Amino acid sequence: MMNTTCYRLVVCEKPSVARSIAAVLGAGKRGDGFLSGGGYLVSWCFGHLAELSDADAYDEKYGKWRREDLPILPDSWQYTVARDKQKQMNTLRTLMHRDDVYEVVNACDAGREVAGAVSGGADTFLSKNKAHTLSAKLQKITKYITVVFMLLVIAADVISILGK
């Protein structure tokens, strides 16, 4: 019998938040850089997982700041991943590109830079081909986590039904 399980990937801002969310979702099986179970893959960032590249990444002449070169406005923004975060970035990239992942949920704190990175540029940087990216920008997750995720699941199912 063929396994046809599809997953929602939930990206959290840090491992402790991922463990809390995974416990609610029933994703208790440990992987390398993620947890899985119940139709979910739950992974995490570490602070600034992807940062905007320095100016000299666009052109070597920007390596030394000169007034006449300002403002520096690239056609498209480039991202850099710090060496100590490369393994987790690769894990997220691999998870997002899995054929059995149909949706990415941003479960990062709205007050943190990583929420903007995941919902803005980094989700595109990591996951160019996912049909749906949902955001659950959570400020006080310990109290409202179950309600927020149940609403996301219901909303995604309604969107799926209406879209057919």
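Two strands pair if DSSP finds at least two bridges between them. Helices (H or I, at least four residues) and strands (E, at least two) are themselves DSSP runs, numbered from the N terminus. With that settled, here is the chain.

This is a predicted model: local features need pLDDT of at least 70, side-chain atom pairs count only at pLDDT 80 or more, and totals for chains, interfaces and linings use all residues. Residues are numbered from 1 along each chain as its sequence is written, and side-chain values use heavy atoms, with hydrogens and water left out.

First, the layout. The chain has four helices and eight strands. Reading from the N terminus, the order is β-α-β-β-β-β-β-α-β-α-β-α. Of its 164 residues, 41% are buried. Buried here means under 20% relative accessible area, exposed means over 50%, and partly exposed is in between, with a 1.4 Å probe and protein chains only. The accessible surface is about 10200 Å², and carbon and sulfur atoms hold 53% of that. Those areas come from the Shrake-Rupley method with a 1.4 Å probe; for residues, only the protein chains shown count as cover.

Now contacts, meaning heavy atoms within 4.5 Å. Take the contacts between residues at least 6 apart in sequence: 70% of them join residues at least 24 apart.

Next, strand E4, residues 40-44. How many of its five residues are buried? Five of the five, so E4 is largely enclosed by the rest of the structure. Both faces are covered. Tyr-40, Val-42 and Trp-44 sit on one side, Leu-41 and Ser-43 on the other, and all are buried.

Which strands does E4 pair with? Strand E1, residues 7-12, pairs with E4 in the parallel sense over five bridges. There, Val-11 stands opposite Ser-43. E3 pairs with E4 in the antiparallel sense over four bridges. In E4, Tyr-40 has Gly-37 opposite. The E3-E4 hairpin has two residues between the strands, and Gly-38 takes a positive phi near 65 degrees.

Stay with E3 for a moment. Ser-36 is found in this strand, residues 34-37. Ser-36 is buried, at 13% relative accessible area. Leaving out residues up to four places away in sequence, Ser-36 touches Gly-26, Ala-27, Gly-28, Lys-29 and Leu-41.

On to charges. Side chains of opposite charge can pair when their charged atoms come close. The rule for a salt bridge is a side-chain nitrogen of Lys or Arg within 4 Å of a carboxyl oxygen of Asp or Glu. By this rule the count comes to five.

One of them joins Glu-103 and Arg-8, at 2.4 Å, N to O. That pair links distant parts of the chain: Glu-103 in strand E7, residues 101-107, and Arg-8 in strand E1, 95 residues apart. Are these two buried or exposed? Glu-103 is buried at 3%, and Arg-8 is buried at 7%.

Another joins Lys-87 and Asp-32, at 3.4 Å, N to O. Lys-87 lies in helix H2, residues 86-96, and Asp-32 in the loop between strand E2 (29-30) and E3, so the pair ties together parts 55 residues apart in sequence. Both Lys-87 and Asp-32 are exposed.

Then there is a network of salt bridges linking Arg-66, Glu-68 and Asp-69. Within it, Asp-69 meets Arg-66 at 3.1 Å, N to O. Asp-69 is buried at 10% relative accessibility, whereas Arg-66 is partly exposed at 39%.

That brings us to the loop between strand E5 (51-52) and strand E6 (79-80), where Pro-71 is placed. A cis peptide bond joins Leu-70 and Pro-71, with omega about -5 degrees. Asp-75 is in this loop between E5 and E6 too. Asp-75 is exposed, at 86% relative accessibility.

In strand E5 we find Glu-51. Setting aside neighbours within four places in sequence, Glu-51 contacts Gln-78, Tyr-79 and Thr-80. Glu-51 is partly exposed, at 40%.

Last, confidence. pLDDT is the predictor's confidence in each residue, from 0 to 100. The chain mean is 76, and 68% of residues reach 70 or more. Over residues 112-129 pLDDT stays under 50, and the model has 40 contacts there beyond four places in sequence. Residues 131-143 are also below 50, with 38 contacts beyond near neighbours in sequence.
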